[in-house]
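Reader: Could you walk me through this one and back up the labels you use? I'd like to see each term held against its cut-off.

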Amino acid sequence: MSSTSAPTTASDDPPITFYRLQGCPYCERVARLLNEFDLEYQSRFVEPMHSDRNVVKRVAGVRTVPVVVDENTGITMAESANIVEYLESTYGDGATATDGGEV
Amino acid sequence: MPDFEVVDLGPADNPEAGDEAPDFTRPLVTDEYWENRSLSELVAEHGRTIVVFTPMTGSFLAKYVWDELAERGWDEKAHVVGVTASTPYGVKRFLEDNEYPFTVFADPAADVARDYGIDHDLDGMAGITEPRPAVFAVGEDLTVEDAWVGTDWPDFPDYDDLEERFGLE
């Protein structure tokens with residue numbers, strides 16, 4: 001249960017962790033894109049109460065969702081518009097990223 | 001003579017020592033978030049695991065069991081995980097309100113309880129099935145090392161006996 005209980009090297013965990021909120025349209029937008037690019041990800045559903053989202057604050061420095069942690073590239077990102085842009089440029093057609101773009 | 005009834009639930013159809021523990025994937029709930037995990041993943045990460053089934057988290061049965069295990073510090077002696085027929089939100093609130101040092105699988109439809117042969121229909125309450133109180137020690141190869149399943153309603157484990165059997169003293 002401790003925040004240290006999730007080893008980053010866990011054998012078959014997907015490299016992308018997606019912090020999301022149930023029924024959040026901004027999160028769904030990210031989910032749609034992750035699926036469209038066929039990316040394996042692990043969803044973590046967090047607390048509706050903004051003030052209770054300590055895990056997101058710890059991971060990303062904000063209490064907003066969505067947040068994506070991508071171990072392929074070492075990137076942690078908040079804000080759906082930023083995430084969408086990141087996913088498109090890293091995994092989309094004409095991806096510009098050179099590291100971790102192909103998995 | 002007490003004037004209350006302890007109901008006999010009859011024998012369960014659970015896996016016994018030496019049987020393979022049915023693997024399952026359900027949202028594993030912490031006090032901060034929930035995500036899909038499987039029993040086999042947890043066993044691979046933590047080794048031998050004590051799996052504790054309780055009725056729904058609103059019940060005194062669930063609270064009494066987890067209070068007792070927290071007080072006895074089972075979390076310091078073994079990897080302990082719960083399974084209950086509550087929603088992830090319900091489980092999360094339960095863990096938060098009580099500050100339990102455990103994680104619990106949310107199995108609202110009680111399919112896992114059914115797979116373990118310990119489902120209980122709560123006297124026919126429409127649409128509700130939940131686990132009987134039950135405790136399984138699951139070894140690293142996912143083999144059941146030992147099991148206790150409640151046969152009365154209500155029923156609680158003999159914690160001292162389980163600690164001795166599971167080597168948790």
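Predicted model: local features only at pLDDT ≥ 70, side-chain atom pairs only at ≥ 80, totals over all residues.

Reader: Why is Ser38(B) called buried?

Author: Buried means under 20% relative accessible area. Ser38(B) comes in at 7%, so it counts as buried. You'll find this serine in strand β3 of chain B, residues 33-38.

Reader: What makes the link between the side chains of Ser38(B) and Ser40(B) a polar contact?

Author: The cut-off is a pair of N or O atoms within 3.5 Å, one able to donate a hydrogen and the other to accept it. The two serine side chains are joined at 3.2 Å, which makes it a polar contact. The Ser38(B) side chain also reaches the backbone nitrogen of Glu41(B), at 3.1 Å.

Reader: Which residues does Ser38(B) touch, leaving out those up to four places away in sequence?

Author: Asp23(B), Phe24(B), Thr25(B) and Phe105(B). Touching here means heavy atoms within 4.5 Å.

Reader: What is the strand order in the open sheet?

Author: It has 11 strands with mixed pairing, ordered β4(A)-β3(A)-β1(A)-β2(A)-β3(B)-β2(B)-β6(B)-β5(B)-β4(B)-β9(B)-β10(B).

Reader: Why do β4 of chain A and β10 of chain B count as edges?

Author: Each has a single partner strand, so one side of each is left without a neighbour in the sheet. On average, neighbouring strands of this sheet are turned by 25° against each other, direction ignored.

Reader: How do you know that β5 and β6 of chain B pair?

Author: Pairing takes at least two bridges. These two strands have 4 bridges, in the parallel sense, so they pass.

Reader: Which strands does β9(B) pair with, and in what sense?

Author: It pairs with β4(B) in the antiparallel sense over 5 bridges, and with β10(B), also antiparallel, over 5 bridges. Within those pairings, Thr49(B) has Val138(B) as its bridge partner, while Phe136(B) has Ala147(B). The hairpin of β9(B) and β10(B) has 5 residues between the strands, and there Leu142(B) takes a positive phi near 65°.

Reader: Where does helix α6 of chain B lie?

Author: Helix α6 (residues 159-166) lies across β4, β9 and β10 of chain B, at about 175° to β10(B). Helix α4 (residues 88-98) of chain B lies across β2, β3, β5 and β6 of that chain, at about 35° to β2(B).

Reader: What makes the 27 residues a nonpolar core?

Author: The term asks for buried residues of the nonpolar kinds, joined through side-chain atoms within 4.5 Å. The largest such set has 27 residues, and Phe18(A), Leu34(A) and Leu87(A) have the most contacts inside it. In chain A, β1, α1, β2, α2, β3 and α3 each supply at least two of its residues. Apart from it lies another core, of 26 residues, with Trp74(B), Val91(B), Tyr159(B) and Leu168(B) among them.

How values were computed. Residues numbered from 1 in each chain as written. Chains lettered and ligands numbered in written order. Heavy atoms only, no water. Buried < 20%, exposed > 50% of the residue type's maximum accessible area, 1.4 Å probe, protein only. Axes fitted to C-alpha atoms, helices over the stretch in contact; angles between N-to-C directions.
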